[in-house]
Amino acid sequence: MSPTKHTIVALVEDRPGVLNRMASLFRRRGFNIDSIAVGRSETPGFSRMNLVVDGANTMVEQVRKQLDKVVDVVKVSDITGQDIICRELALIKVKSTPANRSEIMQIVDIFRAKIVDVASDSLTVEVTGDEEKVNSLYNLLRAFGIKEITRTGRIAMTRGGLATATELQSAKESKTKE
């Protein structure tokens, strides 16, 4: 099987060390985590973790099953082949002069991005969208000179229904019984 980027979403209990245990599983398997984003979920006491990893389908499935065995992990899903919504946020600090500032601002407008900071020698741009949109804007702005960039990495969720607190509690209880 050829390696591909996989989007893995995990619902975990909000406790210290969970991220370290999960990342260690990937490290032991030799997977590089392309991006990881963690934040509070819709249920108090739980966080949602988005990981993007490269690997063959069978290997990623094996790691997913091992992640599911980690005590603080409530649910793990590889949502790669599903109908999903993906976004990434980037802040890009671009070199600017009075001569090229309006050109940069036009490019930013075309991408529906925002200027969030203006300095005498730079503009800081905020862009949100899929990875291709962020990369395209970055590539255009490189001609002006990039001073700094930071990106969140991919965050994603499946389209449609939302897991309820009752479903999450059921998943946690069934895992505790195992």
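A residue counts as buried when its relative accessible area is under 20%. With that in hand, let's walk through this predicted model. Of the protein's 178 residues, 38% fall into the buried group.

**The overall layout**

There are 5 helices and 9 strands here. Starting at the N terminus, the elements come in the order β-α-β-β-α-β-β-α-β-β-α-β-β-α. What about contacts along the chain? If you take contacts between residues at least 6 apart in sequence, 72% of them join residues at least 24 apart.

Leaving out residues up to four places away in sequence, phenylalanine 26 touches Ile8, Phe31, Ile33, Leu51, Val53, Val63 and Leu67.

Valine 74 sits in strand S4 (residues 73-78) and is buried, with a relative accessible area of 6%. Along the chain, valine 74 and valine 12 are 62 residues apart, yet their C-alpha atoms are separated by 5.3 Å.

**Helix H3 and its two sides**

Now turn to helix H3, which covers residues 101-110. Which residues of H3 are buried? Arg101, Ile104, Ile107 and Val108 are. They lie on the same side of H3, because they cover an arc of only 125 degrees around the axis. Here is the background: an α-helix has 3.6 residues a turn, so residues three or four places apart point the same way. On the other side of H3 you'll find Gln106, Asp109 and Ile110, which are exposed.

What do the buried residues of H3 pack against? Their partners are strand S5 (84-95), strand S6 (114-118), strand S7 (122-129) and helix H4 (131-141). After H3 comes arginine 112, which has a positive phi, near 55 degrees.

You'll find serine 96 in the loop between S5 and H3. Is serine 96 buried or exposed? Serine 96 is buried, because its relative accessible area is 4%, and the cut-off for buried is under 20%. Setting aside neighbours within four places in sequence, serine 96 is in contact with Arg101, Ile104, Ser120, Asp121, Ser122 and Leu123.

**Charged pairs**

Side chains of opposite charge can pair when their charged atoms come close. In this model the count of salt bridges comes to 13. Here are some of them:

| Salt bridge | Closest N and O atoms |
|---|---|
| Arginine 15 and aspartate 72 | 3.0 Å |
| Arginine 21 and aspartate 72 | 2.4 Å |
| Lysine 114 and glutamate 126 | 3.9 Å |

Where are the partners in the pair of arginine 15 and aspartate 72? Arginine 15 is in the loop between S1 and H1 and aspartate 72 is in the loop between H2 and S4, so this pair ties together parts that are 57 residues apart in sequence. Arginine 15 counts as partly exposed at 46% relative accessibility, whereas aspartate 72 counts as buried at 6%.

Aspartate 72 also pairs with arginine 21. That pair links distant parts of the chain too, as arginine 21 is in helix H1 and the two residues are 51 apart. Arginine 21 is partly exposed, with a relative accessible area of 37%.

In the lysine 114 pair, lysine 114 is in strand S6 and glutamate 126 is in strand S7, 12 residues apart. Glutamate 126 is partly exposed, with a relative accessible area of 24%. Elsewhere, salt bridges that share partners join Lys5, Asp34, Glu131 and Arg154 into one network.

**A nonpolar patch outside**

Finally, look at the surface. Leu19, Ile36 and Val38 form a nonpolar patch there, and together they have about 230 Å² of accessible area. Valine 38 has its place in strand S2 (residues 33-40) and counts as partly exposed, at 45% relative accessibility.

Methods: Residues numbered from 1 in each chain as written. Predicted model: local features only at pLDDT ≥ 70, side-chain atom pairs only at ≥ 80, totals over all residues. Heavy atoms only, no water. Buried < 20%, exposed > 50% of the residue type's maximum accessible area, 1.4 Å probe, protein only. Helix = DSSP H or I, 4+ residues; strand = E, 2+ residues; numbered from the N terminus. Arc of directions from axis to C-beta. Contact = heavy atoms within 4.5 Å. Patch = residues over 30% accessible without salt bridge, like charges linked within 9 Å, V, L, I, M, F, W, Y side chains within 5 Å. Areas by Shrake-Rupley, 256 points an atom, 1.4 Å probe, with all protein chains shown as cover. Salt bridge = Lys/Arg side-chain N within 4 Å of Asp/Glu carboxyl O.
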